[in-house]
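This report describes one structure, step by step. Look at the sequence and the model first, then read on.

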Amino acid sequence: MTDIFSTLFFILLTIIIFKFSLSVNNKFKIAFLNPILMTAIIIIIILKLFNITYSDYYKGGSIIISALGPIVVVLAVPLYKNRDDLTKNFIPIIGGITASIITTFVSITLLCKLFGIDETIFLSLLSKSITTPMAVESTKMLGGNETVTILAVMITGLFGAALAPMIIRIGKIKNNIAKGIGIGSAAHALGTSKAVEMNEEAGAASGLAMGVTGLMTIIVIIIFA
Amino acid sequence: MKKILKTAIQIAIIYIIYSIGNFISSLISNVILIPGNIIGMVILLLLLTGNVLKLSMIEDTSSFMLKYMGFFFVPITVGIMESYKLIQDSIFQIIIILFISCILVMYVSCKVTDLLISYKEKRHD
């Protein structure tokens with residue numbers, strides 16, 4: 001009984017804090033006040049204050065996480081609504097995604113060399129731009145550490161969602177499909193949640209980019225690993 | 001009451017498609033790993049394109065889910081409080097690497113797509 005109570009309590013707590021973070025975010029519009037990160041930080045502080053472990057919180061958290069699968073399925077809806085524009089731009093989309101994968105591999109390789117990061121962590125960071133289950137599989141093939149990958153995917157997603165509006169503004173990206181392709185191929189589902197907020201076309205392109213980038217990354221790794 | 005029933009049916013449709021995606025994913029996992037949710041996305045797209053499923057049959061629930069998509073990432077983000085210990089020694093370097101790489105990747109990808117689309121549109125005019 002206490003289990004059911006605490007599960008419901010943690011779900012409710014997450015909803016209330018997220019609602020609060022959303023309204024703060026709407027008022028101030030600061031990139032790093034990302035409502036996801038803000039909610040997580042408040043929850044971590046509460047857990048630490050009351051000496052609650054993550055596994056206790058996870059009882060409620062895992063129920064929220066389990067809804068993530070069906071949400072990715074639903075990304076087919078914006079994809080369907082914008083299918084004409086997307087098929088019309090097939091070559092630019094594949095071009096943009098290819099550029100994204102090359103940039104990921106090159107930048108991670110060079111930056112890890114520069115910072116003297118050890119081999120295992122380097123291999124775990126190569127798949128940081130793609131959705132978690134695919135990233136974990138890529139890391140297994142490369143011989144990296146899965147937990148490091150999950151962490152890197154998470155951090156990348158948060159950065160991607162927070163930085164997307166700024167990158168688009170400074171880069172003077174006008175086309176909505178181009179915005180979505182950049183966001184989805186750099187920051188998977190978490191970035192896509194930001195693209196969906198911008199407009200439907202960007203959301204559709206981002207959802208598409210997320211799937212294709214993951215698939216192409218795995219294929220590249222299968223060929224070269 | 002009717003609205004609750006309608007929402008329940010919409011959730012059920014989405015969930016069934018997701019489960020089929022997971023099933024197919026496990027069938028082909030020996031050949032290539034594609035997550036069940038990505039396969040589910042393709043299935044739903046095919047059902048909509050093939051007019052098997054009308055958009056109105058799932059639209060309310062799906063737009064609600066997409067609107068609050070970020071919420072569902074909160075618990076995994078909270079999980080960082082446990083897993084960061086693994087990279088404690090080089091955590092700052094890793095965060096800087098991910099930060100720089102994320103900006104580069106997103107910028108290059110946006111820009112390349114944008115340039116290719118405007119090049120294509122110019123050629124058509």
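## Domains of chain A

The centres of domain 1 of chain A and domain 2 of chain A, taken over C-alpha atoms, are 25 Å apart. This distance, like every other value here, comes from a predicted model. In the domain assignment, domain 1 of chain A covers residues 2-72, and domain 2 of chain A covers residues 82-224.

Where the two domains touch, domain 1 of chain A supplies six residues and domain 2 of chain A supplies seven residues. On the side of domain 1 of chain A that touches domain 2 of chain A, five residues are nonpolar, one is polar and none is charged.

## Overall form of chain A

Chain A has 12 helices and zero strands. Read from the N terminus, its elements are therefore written as a row of α symbols: α-α-α-α-α-α-α-α-α-α-α-α.

How does the size of chain A fit its 225 residues, and what radius of gyration would a compact globule have? A compact globule with 225 residues would have a radius of gyration near 17 Å, and the 18 Å of chain A agrees with this. Along the principal axes, the C-alpha atoms of chain A fill a box of roughly 55 × 40 × 30 Å.

Of the 225 residues in chain A, 52% are buried. Among contacts in chain A with a separation of 6 or more, 65% are between residues 24 or more positions apart.

## A bent helix

Helix H11 of chain A spans residues 176-198, which is 23 residues. A straight helix would reach 33 Å at 1.5 Å a residue, but the end C-alpha atoms of H11(A) are only 9 Å apart. Where does H11(A) bend, and by how much? The bend is at His188(A) and comes to about 140°.

H11(A) is largely enclosed by the rest of the structure, because 21 of its 23 residues are buried.

## Domains of chain B

Chain B is also assigned two parts: domain 1 of chain B covers residues 1-72 and domain 2 of chain B covers residues 74-125. Their centres, taken over C-alpha atoms, are separated by 27 Å.

## Contact between the chains

How many residues does each chain give to the contact between chain A and chain B? Chain A gives 89 residues and chain B gives 67 residues. On the side of chain A that touches chain B, 61 residues are nonpolar, 24 are polar and four are charged.

Notes. Residues numbered from 1 in each chain as written. Chains lettered and ligands numbered in written order. Predicted model: local features only at pLDDT ≥ 70, side-chain atom pairs only at ≥ 80, totals over all residues. Domains from an automatic or database assignment. Nonpolar A, V, L, I, M, F, W, Y, C, P; charged D, E, K, R; others polar. Helix = DSSP H or I, 4+ residues; strand = E, 2+ residues; numbered from the N terminus. Expected span 1.5 Å × (residues − 1). Bend = angle between axes of the 7 residues up to and from the residue. Buried ≥ 20, exposed ≤ 12 C-beta atoms within 10 Å, placed from the backbone. Rg over C-alpha atoms; globule rule 2.2 N^0.38 Å.
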